[in-house]
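Subject: Structure handover

Hello,

Here is the structure I promised to pass on. Please open it alongside this note, and then read on for what turned up.

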Amino acid sequence: MLLEQQRIHQLRNYQASMEAAGLSITFPGHRPLSRAQSSPASASSFPISVPPPEPPTKPRFTTGLVYDSLMQKHQCMCGNTHTHPEHAGRIQSIWSRLQETGLRGQCECIRGRKATLEELQTVHSEAHVLLYGTNPLRQKLDCSVTPMLVRLPCGGVGVDSDTIWNEVHSSTAVRLAVGSVVELVFKVATGELKNGFAVVRPPGHHAEESTPMGFCYFNSVAIAARLLQQRLNVRKILIVDWDVHHGNGTQQAFYDDPNVLYLSLHRYDDGNFFPGSGAPDEVGSGPGVGFNVNMAFTGGLEPPMGDAEYLAAFRSVVMPIANEFAPDVVLVSSGFDAVEGHPPPLGGYTLTSKCFGYLTRQLMALAEGRVVLALEGGHDLMAICDASEACVSALLGNQLDPLPQALLEQRPNQNAVCSIEKVIETHSEYQPPFPI
């Protein structure tokens, strides 16, 4: 304080001598120490000027992608990828296509993770989770619940003739698939991202509480939905399943839950197409009655269902019911095995990849656009790459190639009309929840 007073006295003497010499000079007023910028009181009286933050070097993305190459290691121990339709090349090809087209660069690529055992048990039994979610399998359990692995014709092993198991890598891959979907879904549900696409394998929608089947071990979409309910208290969740096969595991998980609307479009053929479930009259139970909707196409492949039939189903069944439900989040079990190029045992339908972009765009009108697609089935590499590209383009809001006017005006085939009318007749009995 004495030094400060001495400095002021010297400045005043200097100012007086300059004025005596005929020179005018002024000094800024002295700021008391109590108001110096280093003082706690300075902020209220003398705001510090902070330069605006530099603009982020990375643009703000709205669409998320998730992928992990470790999921490729879920391979049959026979080493022959050509004999197994559900193989690592599926996700590798899709990821490469998104890179080549520049779509990957327009999206936020998030890091996946392994789902915890507790997360898996929101849908699956403890024994099932320990059997297929831990490695090695048999350290956790006694022999009475050891999985019944079968020897496959190729020389590898599996839980059935289709669903292979790799003792070293499968448990990691299946948990990564679930955890990656959960991470993406939560980023969309909390508003960090607007929407997203999960490039994951193995698929999940056939996995039941205690049964792996149809290439599936853990039901990624169902687990994500359960965790949304438990952790974020999301009130209404719509699950749309457009894999050509019915998602029996997802239906089972929410059959009596009125807060999760499960809506599946699939080839049914009076129960003669895998997995045989998904009849139109499977509508839910207890409080969940009316909240399980099976757009079950019957009539075989004479003719096969295509764009006109799926667009009609969306127009007549899917969107009216979805709008009435008014979901908070939309999850899509996005199998692409209805796309042309899949042989009859794996699909046999003739939808174009472009059509899936339009179906995605329609779902984006729901839940303020909070939509997440998770890869399920689809085994023709060109078909699933084209469809994934179309869906990600739609999520990004890019201009889609227009569908031909003739297609938009085309009447669906008679088998599809009968199938659609059956669903409408079945669900018109429930007043509410869904007047169509």
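First, a term: buried means under 20% relative accessible area, exposed means over 50%, and partly exposed lies in between (1.4 Å probe, protein chains only). This is a predicted model: local features need pLDDT of at least 70, side-chain atom pairs count only at pLDDT 80 or more, and totals for chains, interfaces and linings use all residues. Residues are numbered from 1 along each chain as its sequence is written, and side-chain values use heavy atoms, with hydrogens and water left out.

Helices (H or I, at least four residues) and strands (E, at least two) are DSSP runs, numbered from the N terminus.

Most residues other than glycine have a negative phi, and most peptide bonds are trans.

Start with Phe215. It lies in the loop between S5 and helix H7 (220-232).

Next comes Ala367, in the loop between H10 and S10. Its phi is near 50 degrees, again a positive value in a residue other than glycine. Ala367 is buried, at a relative accessible area of 9%.

Then the cis peptide bonds. One joins Phe274 and Pro275, with omega about 0 degrees. Pro275 sits in the loop between S7 and S8. Another runs from Glu302 to Pro303, with omega near -5 degrees. Pro303 is in the loop between S8 and H9.

**Parallel strands**

Two strands pair if DSSP finds at least two bridges between them. Take S9 (329-334). Strand S6 (237-241) pairs with S9 in the parallel sense, over 5 bridges. Ile239 stands opposite Leu331 there. S9 also pairs with S10, again parallel and over 5 bridges. In that pairing Leu331 faces Val372, and Val332 has Leu373 as its bridge partner.

S10 has another neighbour. Strand S5 (residues 195-198) runs parallel to S10, joined by 4 bridges. Phe197 is the bridge partner of Leu373 on that side.

How many residues of S9 are buried? The count is 6 of the 6, so S9 is largely enclosed by the rest of the structure. Val329, Leu331 and Ser333 point one way, while Val330, Val332 and Ser334 point the other. S10 is mostly covered too, with 5 of its 5 residues buried. Val371, Leu373 and Leu375 lie on one side of S10, and Val372 and Ala374 on the other.

**The helix between them**

S9, H10 and S10 make a right-handed β-α-β unit. A crossover is right-handed if, with the strands pointing away from the viewer, the path from the first strand over the helix to the second runs clockwise.

H10 covers residues 353-363. Its buried residues are Ser353, Cys355, Phe356, Gly357, Leu359, Thr360 and Leu363. What do they pack against? They meet strands S6, S9 and S10 (371-375), plus helices H9 (307-325) and H11 (381-396). Contact means heavy atoms within 4.5 Å.

**A buried glutamate**

Glu282 is in the loop between strand S7 (260-267) and strand S8 (292-297). Glu282 is buried yet has no salt bridge. A salt bridge is a side-chain nitrogen of Lys or Arg within 4 Å of a carboxyl oxygen of Asp or Glu. Lys and Arg count as positive and Asp and Glu as negative; His and the chain ends are not counted. Where is the nearest side chain of opposite charge? That is Lys422, 12 Å away.

The side chain of Glu282 does reach the backbone nitrogen of Gly278, at 3.0 Å. Not counting residues up to four places away in sequence, Glu282 touches His246, Gln251, Tyr255, Ser277, Asn292 and Asn294.

At 9% relative accessibility, Phe61 counts as buried. Phe61 and Leu193 are 132 residues apart along the chain, yet their C-alpha atoms are separated by 7.3 Å. Beyond four places in sequence, Phe61 touches Gly105, Gln106, Cys107, Glu108 and Leu193.

Over to you.

Methods
A polar contact is a pair of N or O atoms within 3.5 Å; within protein, one must be able to donate a hydrogen and the other to accept it, and residues adjacent in sequence count only if both atoms are side-chain atoms.
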